[in-house]
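Please look through the model below before reading on. My notes follow as numbered points.

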Amino acid sequence: MLHLRIHPDNPQPRLISQAVERIRAGDVIVYPTDAAYAFGCQIGNKAAMERIAQIRQLSDKHQYAILCQDLSDIATYAKVDNAMYRLLKANTPAITTFILPASSEVPRRLAHPKKKTIGIRIPSNPICQALLKELGEPLITSTLILPKQDDPLDDPFDIEMQLGKRIDVFIDGGIGMLATTSIVDLSQDSPIVVRQGLGDVSAFE
């Protein structure tokens, strides 16, 4: 496992480039977000997604979210009208995952099999933003919660001890958070707050 210690506020470009090279090569990473640490891999990499599912013991029906740098990716992956776009623009970046109607561009294994929805996050975390900018496309993301554990791993030492042989790259941004994102479903006629986490969801209540 490649262990990269990246500054949480001023990510080193050389180390970000190194991480992105490994993502493009199909590796599974663990990285810090503006909520908990998360697993990540390149969109469309079925083998990497299956490895994440195996580590987390996720079912085939688990819906992954995608991490986007900004709203410019929204039209590719989700169907949003003007009103919804304005709502998202006013409330992103955010520590919130938004459930949106999936576009036809979304790979079938990413969209919810029955609801045809996709989860999208736009983070403010500097490491996330640097990774996404260098990669030039969104990342598959899944919170770093291991089987039979209620909370995400937040300590880099614990992450390395428990996952060192099962992931390819660990981006160490220091002690993380135990909290998860909020989840807001915007695929219905009116917003539904599915989970209250770190994100401010007052605009959707």
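Is the crossing of H1 and H5 left-handed or right-handed? Point 2 has the answer.

1. Ground rules. This is a predicted model, in which local features need pLDDT of at least 70 and side-chain atom pairs count only at pLDDT 80 or more, while totals for chains, interfaces and linings use all residues. Residues are numbered from 1 along each chain as its sequence is written, and side-chain values use heavy atoms, without hydrogens or water.

2. Helix pair. The crossing of H1 and H5 is right-handed. A crossing is right-handed if the near helix is turned clockwise from the far one by less than a right angle, and left-handed if anticlockwise. H1 covers residues 13-24 and H5 covers residues 126-135. Helices (H or I, at least four residues) and strands (E, at least two) are DSSP runs, numbered from the N terminus. The two helices pack at about 60 degrees, and their axes are 9 Å apart. Axes are lines fitted to C-alpha atoms, for helices over the stretch in contact, and angles run from 0 to 180 degrees between N-to-C directions. H1 and H5 are therefore oblique to each other. For the cut-offs, under 35 degrees is roughly parallel, over 145 roughly antiparallel, 65 to 115 roughly perpendicular, and the rest oblique.

3. What makes that contact. The crossing of H1 and H5 is right-handed. H1 brings Ile 16, Ser 17, Ala 19, Val 20, Ile 23 and Arg 24, and H5 brings Ile 127, Ala 130, Leu 131, Glu 134 and Leu 135. Contact means heavy atoms within 4.5 Å. The contact residues of H1 and H5 divide into eight nonpolar, one polar and two charged. Here Ala, Val, Leu, Ile, Met, Phe, Trp, Tyr, Cys and Pro count as nonpolar, Asp, Glu, Lys and Arg as charged, and the others, Gly among them, as polar.

4. Asn 45. Look in the loop between strand E3 (38-42) and helix H2 (46-56). Asn 45 is buried there, at 17% relative accessible area. Buried means under 20%, exposed over 50%, and partly exposed in between (1.4 Å probe, protein chains only). The side chain of Asn 45 reaches the backbone nitrogen of Ala 48 at 2.9 Å. A polar atom of that side chain also lies 3.3 Å from the backbone nitrogen of Ala 47.

5. Backbone points to check. Most residues other than glycine have a negative phi, and most peptide bonds are trans. Gln 57 is not a glycine, yet its phi is positive, about 55 degrees. Gln 57 sits in the loop between H2 and strand E4 (65-67) and is exposed, at 62% relative accessibility. Lys 148 also has a positive phi, near 65 degrees. Its loop runs between strand E7 (139-143) and helix H6 (156-163). Lys 148 is exposed, at 88% relative accessibility. A cis peptide bond joins Thr 92 and Pro 93, with omega about -5 degrees. Pro 93 lies in the loop between helix H4 (82-90) and strand E5 (96-101).

6. Thr 141. This residue lies in strand E7. Thr 141 is buried, at 6% relative accessible area. Which side chain does the side chain of Thr 141 join in a polar contact? That of Tyr 31, at 2.6 Å. A polar contact is a pair of N or O atoms within 3.5 Å; within protein, one must be able to donate a hydrogen and the other to accept it, and residues adjacent in sequence count only if both atoms are side-chain atoms. Beyond four places in sequence, the contacts of Thr 141 include Ala 38, Phe 39, Tyr 64 and Leu 67.

7. Leu 67. This residue is in strand E4. Leu 67 is buried, at 0% relative accessibility. Its contacts beyond four places in sequence include Tyr 31, Arg 121, Cys 128, Leu 132 and Thr 141. Leu 67 and Gln 129 are 62 residues apart along the chain, and their C-alpha atoms are separated by 9.5 Å.

8. Asp 168. Find this one in the loop between H6 and strand E8 (169-172). Asp 168 is buried, at 16% relative accessibility. Its side chain makes a polar contact of 2.8 Å with the side chain of Arg 51. Beyond four places in sequence, Asp 168 also touches residues including Met 1, Leu 2, Arg 22 and Asp 27. Asp 168 and Arg 195 are 27 residues apart in sequence and 30 Å apart in space, C-alpha to C-alpha.
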